[in-house]
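Notebook open, structure loaded. I'm jotting down what I looked up, in the order I got to it.

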4 protein chains.
Amino acid sequence: MSKKTPETRLATHTNEELYYRDDGLVSELMGNFTFTEMMFMHILGRKPSSGDVVILDAVLLTLMEHGLTPSAISTRLTYHSAPEALQSAVAAGLLNVGSQFIGTLENASTLLMALLNDADEFDVAARRKVKELRAAKHPLPGFGHHLHRPDDPRTEKLFQIALVQDGIKGTYIDAMKRLSAIIDDELGKHLTINATGAVAAVMLELDVPPEIMRGFAVISRSAGLVAHIHEEQSHPTARHIWDIVEETVPYTGDALTK
Amino acid sequence: MSKKTPETRLATHTNEELYYRDDGLVSELMGNFTFTEMMFMHILGRKPSSGDVVILDAVLLTLMEHGLTPSAISTRLTYHSAPEALQSAVAAGLLNVGSQFIGTLENASTLLMALLNDADEFDVAARRKVKELRAAKHPLPGFGHHLHRPDDPRTEKLFQIALVQDGIKGTYIDAMKRLSAIIDDELGKHLTINATGAVAAVMLELDVPPEIMRGFAVISRSAGLVAHIHEEQSHPTARHIWDIVEETVPYTGDALTK
Amino acid sequence: MSKKTPETRLATHTNEELYYRDDGLVSELMGNFTFTEMMFMHILGRKPSSGDVVILDAVLLTLMEHGLTPSAISTRLTYHSAPEALQSAVAAGLLNVGSQFIGTLENASTLLMALLNDADEFDVAARRKVKELRAAKHPLPGFGHHLHRPDDPRTEKLFQIALVQDGIKGTYIDAMKRLSAIIDDELGKHLTINATGAVAAVMLELDVPPEIMRGFAVISRSAGLVAHIHEEQSHPTARHIWDIVEETVPYTGDALTK
Amino acid sequence: MSKKTPETRLATHTNEELYYRDDGLVSELMGNFTFTEMMFMHILGRKPSSGDVVILDAVLLTLMEHGLTPSAISTRLTYHSAPEALQSAVAAGLLNVGSQFIGTLENASTLLMALLNDADEFDVAARRKVKELRAAKHPLPGFGHHLHRPDDPRTEKLFQIALVQDGIKGTYIDAMKRLSAIIDDELGKHLTINATGAVAAVMLELDVPPEIMRGFAVISRSAGLVAHIHEEQSHPTARHIWDIVEETVPYTGDALTK
């Protein structure tokens, strides 16, 4: 429990103006900043460079959509059940942005930071960690993809976009690539750096703390889910999904035969 | 229930590329489009003009944050209870984007469209509708604010930004202003066009259908809620909120005195 | 907005005891009351008769489960994505307890109350209302089922259980049956009283206000969804659901052919 | 990923009957089983003894309510924002049933099972584990309460109720008490077994697997949250909560002074 006095620096208002941190919404922000710039400033508490914004936009595009995934299916079914509450449908989808797909962001970024801060040289620390994870049969966070082989096309693109921006040092991207080479060497085969792993590396280049990275995935995915709702409004799939699941998951209880 | 064959136009993928509608994510979109442009294209299915993007950005900034509101409080408490599931905290906040604050978007935009499509002249139809709503003691959707008086500063700014963009006709903004004048005349006093009413009008200028407008509010607010979570990580308020609520909402059952 | 001073009568505690309304949890409730009795007392603020409890138990059993419905599918997918947050999976499923399936509870019970309070005789008021709803192409709340024809087996059972309990007058059950006869006469064919309609009638016999009826459906369904999660833990279906949906909802954009 | 063919044993239906596992809902279950019995059978897949039901009822009462906690506050605020979607308000509250309060169930039960299965004697294993947890400054799961000192009144009651039921061996309750004595000895002071720790022990007596224990907490809490919604309908607190939070969490940004 914190001993700090509770306080907030996010927003206040007078009768004539609203303030987001230290800026007037009407007098300074609206018309002058994009949504991407504004979320960067508001969440992270500092102004982004133009390169930072290009990178964050690329990240937000990357995580927005991947077709009829568990999040999109949950959103579409919930919209079918409660069309009066569009926000519930988005919420049901966002509840899928959990450990299994997006938690990798935190695991991969935390791993990179730990390896870079290790007392040993990076390569030594990395090789030791890879051996440990393999021995414990743990996943290698940020590596491997069941579909995009040998390489995830989003990864190289994210790295390219990030590395040409002013002020980006490439420390974490380089570390990710060195870790990848060590993993390939240990495994004796190539494992791709997947999109989530790449996003982790470029967000570290932006000094985004690992503990809030998932937040950007949530914002991005919320836009993708709204697109699924709007498509569902004109081209519904929910009834089909319900039917096909009932048809293809058989009831195997003993009820009807006893 | 739709008789249409289920289908989706939102996304597909090959081993080498992902497609959002008809564009390659890696080959065409990343690095070339902002998140605001991408969500406009993906949700609405058409490319925005540069003016459309300026307007949508202004809308997204407007709806992002309003301090320690019910949505932000729900998010902060849920993060305190389940910090391992950041997405749950955002979802709990978004469940507050319902009829009482944001539903106005749909009510105000639907009202404007109905008045503009009425067989009678706008002024006649509008005056009749205002009388009806007042007689039924219904709210006037998009009008009035308990704090921002006489005028909501966001409204004039949204209209200004929208009206200088190429291709914006101003039909709905004009209609909103005429409706406002009629309301003031009927009431004998000035009622502001609130921010939600103004957003409804400018989103109609962008041809956003009323049934998906709330989706943009959800996306915008998700960014605001992520900012609240990040602040909560360093400056927690949840324990204080819990305590102050327990202290100031007395137990009035008969339990202890029987 | 209420002018009442905020207060709560639900719970308080000392170092030695917790109180639910006016009863000591440890000294009076635990070991002496079932969960069904406790929720009746706590939600409705009065002690149930033994017949009330039998009826509420029958209602809770009725609404608990209906196989792989949208709520169960959303729960299973969300559990697959975020197994560390079981509560999120239940929440995603419960967000499906909305207007399309369970909202009928409120519509049917409100309709019955309105007809019984009408200045006209019940049959006259009912026939007029049925004609109105049909003319407006509105559904008849509580009537019809796509599967259970000619009759929903749960309905007759609920009525039977309710009518043999001491203190149950049968006013609302009788009204539901008379309304059913009038509907059949107007339509020239038989439409079943569905389970939701029957639940509405028996909950009115218990004096449950329409505005909180949905709450009992939520509690009941939460137990069904926990069963789906426990089955998913040993017999996962989520990956299959994802795959079968992707396979059977084709991508029809122009992307790959341009 | 499972290689098992997807299947479900939970429910199926014909035109005349619904089946929950191997029983007819109408012909065998309704009127014959309480909600507590039904959830036990449906979730765990076996019939409870009468003693099992008494214990589960006591558990469900224990976890149902604790006044204006984060879950209840989130539910009340969300209901205020979206009264048309009662299920959303319950869901927002349930999202608080996470690691910080209820995760203890899994941690405490897993710890007890590990100690009982340890190659060493219980006391040796327990003392070693307590030393480990203390050295790592980790919490002792199931122990300590900021309010209920020296003892949590619910704990002794749960143990009493459980130990007098036929068929309950008391293995886990005994283990919990021995662990408690060892903790007190190590700390040199008394730490209570809290209610969550006690629930973990008695649920182990019922052979409830740790991975589904949280599900029972979710079901129980859903009933408590419905009670908060019904109270909010007649005695609203949400506007007060919003106001008091805004008043007592000061804005400390630099905005107004620059």
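This is a predicted model: local features need pLDDT of at least 70, side-chain atom pairs count only at pLDDT 80 or more; totals for chains, interfaces and linings use all residues.

For the contacts below I count two residues as touching if their C-beta atoms, placed from the backbone, lie within 7 Å.

Core. I started with the largest nonpolar core, which has 348 residues. Which of them touch the most other members? Val202(A), Val202(B), Val202(C) and Val202(D) do. I then picked Val202(B) and skipped its neighbours within four places in sequence. What remains in contact with Val202(B) is Ile55(B), Val59(B), Leu158(B), Ala162(B) and Ile173(B).

Chains B and C. Next I checked how these two meet. Chain B puts 20 residues into the contact, and chain C puts in 20 residues. On the chain B side I get eight nonpolar, five polar and seven charged residues. Superposing chain B on chain C takes a rotation of 180 degrees with 0.0 Å of shift along the axis, at RMSD 0.0 Å. The two copies are therefore related as by a two-fold rotation axis. I also found that 100% of the interface residues of chain B are interface residues in chain C too, so the copies meet through the same surface.

Sheet in chain D. Last stop: an open, antiparallel sheet of three strands, ordered β1-β2-β3. Here β1 (11-13) and β3 (23-24) are the edges, each with a single partner strand, so one side of each has no neighbour in the sheet. I looked at β2 (residues 18-20) against β3(D) and noted two bridges, antiparallel. Across that pairing, Tyr19(D) sits opposite Gly24(D).

Methods:
Residues are numbered from 1 along each chain as its sequence is written. Chains are lettered from A and ligands numbered from 1 in the order in which they are written. Ala, Val, Leu, Ile, Met, Phe, Trp, Tyr, Cys and Pro count as nonpolar, Asp, Glu, Lys and Arg as charged, and the others, Gly among them, as polar. Two strands pair if DSSP finds at least two bridges between them. Helices (H or I, at least four residues) and strands (E, at least two) are DSSP runs, numbered from the N terminus. Copies are superposed by least squares on the C-alpha atoms of residues with pLDDT of at least 70 in both. A nonpolar core is a set of buried Ala, Val, Leu, Ile, Met, Phe, Trp, Tyr and Cys residues joined through C-beta atoms within 7 Å. A residue is buried if 20 or more other C-beta atoms lie within 10 Å of its own, exposed if 12 or fewer, and partly exposed in between; C-beta atoms are placed from the backbone.
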